[in-house]
Amino acid sequence: MNRTESVVSLVNLKKQFEGRSVLAGINMEVHAGELVALIGESGCGKSVLIKHINALLRPDSGKIHIQGTDLNTLHGEKLKMLRRRIGMVFQNAALFDSMSIAENMALAAHWPQPVSAAQAQEIHFALHRMGLENIGHLYPSALSGGMKKRVAIARALVMKPSLMLYDEPTTGLDPPRAAAITELIEMLNWEDDLTSIVVTHDLSRIAAYDRVVMLQQGRIHFDGPPALLLSSQDKSIKRFVQTSSAPVPIEVNA
Amino acid sequence: MPLAKTSTGHSIPQNPPGVLEKARHFLLFFWKTLKSARDTDTYGPLWLDQAIQIGVHSLPLILYISAFTGMVLSLQAVNQLFQTVPHYLTGTTVSKLALQEFSSVITGLVLSGRIGASMAAELGSMKVTEQVDALESMGYTQEAYLVMPRILAGMTTLPVLAVFSAMTAIAAGWITAVAMTGMSSYEFFKGVRLMAETKDFLLPLVKSLLFGLAITLIACFQGLSAEKGARGVGQAATQAAVFSCVAILTLDFIVGWVML
């Protein structure tokens with residue numbers, strides 16, 4: 001993998017909803033092999049930003065290049081082919097609830113049903129890597145939140161992507177499970193030669209990332225290594241780091 | 001009105017759209033669906049499941065309602081006509097109305113409630129839980145994977161269901177007429193054959209094809225436009241059923257007007 005190769009390039013990306021500017025000119029470059037955390041307060045445009053990277057949303061203006069290809073010019077078959085190289089893990093896993101886990105994964109890999117023995121083996125292996133055994137026949141409703149997230153990652157990986165997008169993969173999980181998912185993302189990025197962008201609120205394991213990008217009011221407020229973020233004297237960064245790392249106080253009326 | 005554009009170019013209204021705006025979205029949706037007809041590899045293997053869902057599972061209800069419709073038609077024909085016109089016209093009345101009108105309309109209305117609403121709810125639920133986005137992110141289009149199989153299934157099963165409906169209604173009408181008046185089966189079927197024409201078969205075929213298209217297209221559009229969680233899904237299901245019924249009765253008149 002050429003570590004200097006630009007995998008994602010965003011140039012002056014703008015997006016409005018109902019006249020409210022959500023992305024107000026994002027310029028960002030992600031290189032091959034990087035593990036990037038995208039942080040910021042709720043509603044600052046993190047999820048909107050990564051949905052632009054696989055064209056689930058289209059920008060009002062600005063350019064998006066994925067491995068040198070201008071995404072704005074891609075439609076139809078070419079867009080479908082590009083998307084198959086980008087794995088995405090959604091906030092609530094977004095597993096197809098009318099299909100078994102194995103069927104979910106076969107669909108992602110574009111394998112017709114019934115799958116061959118070799119394909120079934122590949123599904124088994126992908127689940128095994130996530131620490132999941134013998135769950136291919138189960139339906140998503142039978143899984144816990146953490147298991148659903150792992151299946152969603154496995155489902156994205158059977159597509160053999162070169163770029164992974166994670167939308168809050170640890171939200172709603174208890175701290176040990178959240179830490180395990182972050183470790184898994186880190187391990188996959190290294191083992192599978194992936195480039196990953198992770199939207200997260202979890203700063204407890206921020207050191208695992210190569211780079212942190214912080215959004216604020218639709219703009220990039222910080223872009224640098226985790227250590228620099230944690231030692232920053234910028235008021236809004238300090239406040240965000242403190243509130244994201246500290247337990248939320250609960251007021252009890254006596 | 002501010003709009004958010006999805007990958008497939010659909011405009012998602014951020015405020016409740018007006019009638020014209022909604023009509024524009026609907027036409028755009030229809031156009032995108034037509035364009036996805038080339039993607040046979042995606043929807044080809046899926047339509048049979050949908051056809052079974054629509055056809056086989058709806059058959060008992062269609063047969064039950066058609067039987068009672070045939071009985072009521074026969075009852076009315078006997079009461080209104082028996083004293084003044086030849087008895088065999090009971091068979092003519094029942095068969096003409098069952099074939100040209102009630103078979104396709106009853107099938108369409110039953111499917112609007114049963115299939116239209118559940119289809120919209122299923123797709124709406126997929127939309128609000130990001131399953132539709134997940135599908136698109138895997139390199140499928142919602143039109144080819146979700147809409148086309150349902151439309152094809154609707155357009156192929158509705159004519160078949162309409163045939164079953166017409167046969168059941170005529171059979172039930174015949175039994176009722178014979179049981180109520182003592183008229184012979186020969187007389188009843190003489191009336192059925194007497195004024196039979198190509199239109200009796202062509203009209204329900206055209207109607208049921210159009211009804212199948214309308215029900216599934218409206219259901220898919222409503223479902224995939226659902227927003228705002230469970231409430232939005234409920235609204236989509238209700239609107240799919242209501243708009244399908246309105247579309248069926250409107251199309252019924254237009255097709256009848258053109259073809260009769």
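## Helix packing, chain contact and a hairpin

The model described here is predicted.

Two packed helices are described by the angle between their axes and the distance between the axes. For helix 6 (residues 142-181) and helix 7 (residues 185-194) of chain B, the angle is about 140° and the axes lie 10 Å apart. Helix 6 of chain B passes helix 7 of chain B in a right-handed crossing. The residues that make this contact are listed below.

| Element | Residues in the contact |
|---|---|
| Helix 6 of chain B | B:Ile170, B:Trp174, B:Ala177, B:Val178 |
| Helix 7 of chain B | B:Ser185, B:Phe188, B:Val192 |

By class, six residues of this contact between helix 6 and helix 7 of chain B are nonpolar, one is polar and none is charged.

The two chains also touch. Chain A contributes 22 residues to the contact and chain B contributes 16 residues. On the side of chain A that touches chain B, two or more residues come from each of strand 1 (6-17), helix 2 (76-83) and helix 3 (101-108) of chain A. Helix 2 of chain A gives the most, with three residues. This side of chain A has 13 nonpolar, four polar and five charged residues.

Strand 1 of chain A also takes part in a hairpin with strand 2 of chain A, with two residues between the strands. In the turn, A:Glu18 has a positive phi of about 50°. Strand 1 and strand 2 (residues 20-31) of chain A run antiparallel and are joined by nine bridges. A:Val8 has A:Val30 of strand 2 of chain A as its bridge partner.

Methods. Residues numbered from 1 in each chain as written. Chains lettered and ligands numbered in written order. Predicted model: local features only at pLDDT ≥ 70, side-chain atom pairs only at ≥ 80, totals over all residues. Contact = placed C-beta atoms within 7 Å. Helix = DSSP H or I, 4+ residues; strand = E, 2+ residues; numbered from the N terminus. Nonpolar A, V, L, I, M, F, W, Y, C, P; charged D, E, K, R; others polar. Axes fitted to C-alpha atoms, helices over the stretch in contact; angles between N-to-C directions. Left-handed = near helix turned anticlockwise from the far one by under 90°. Pairing = 2+ DSSP bridges.
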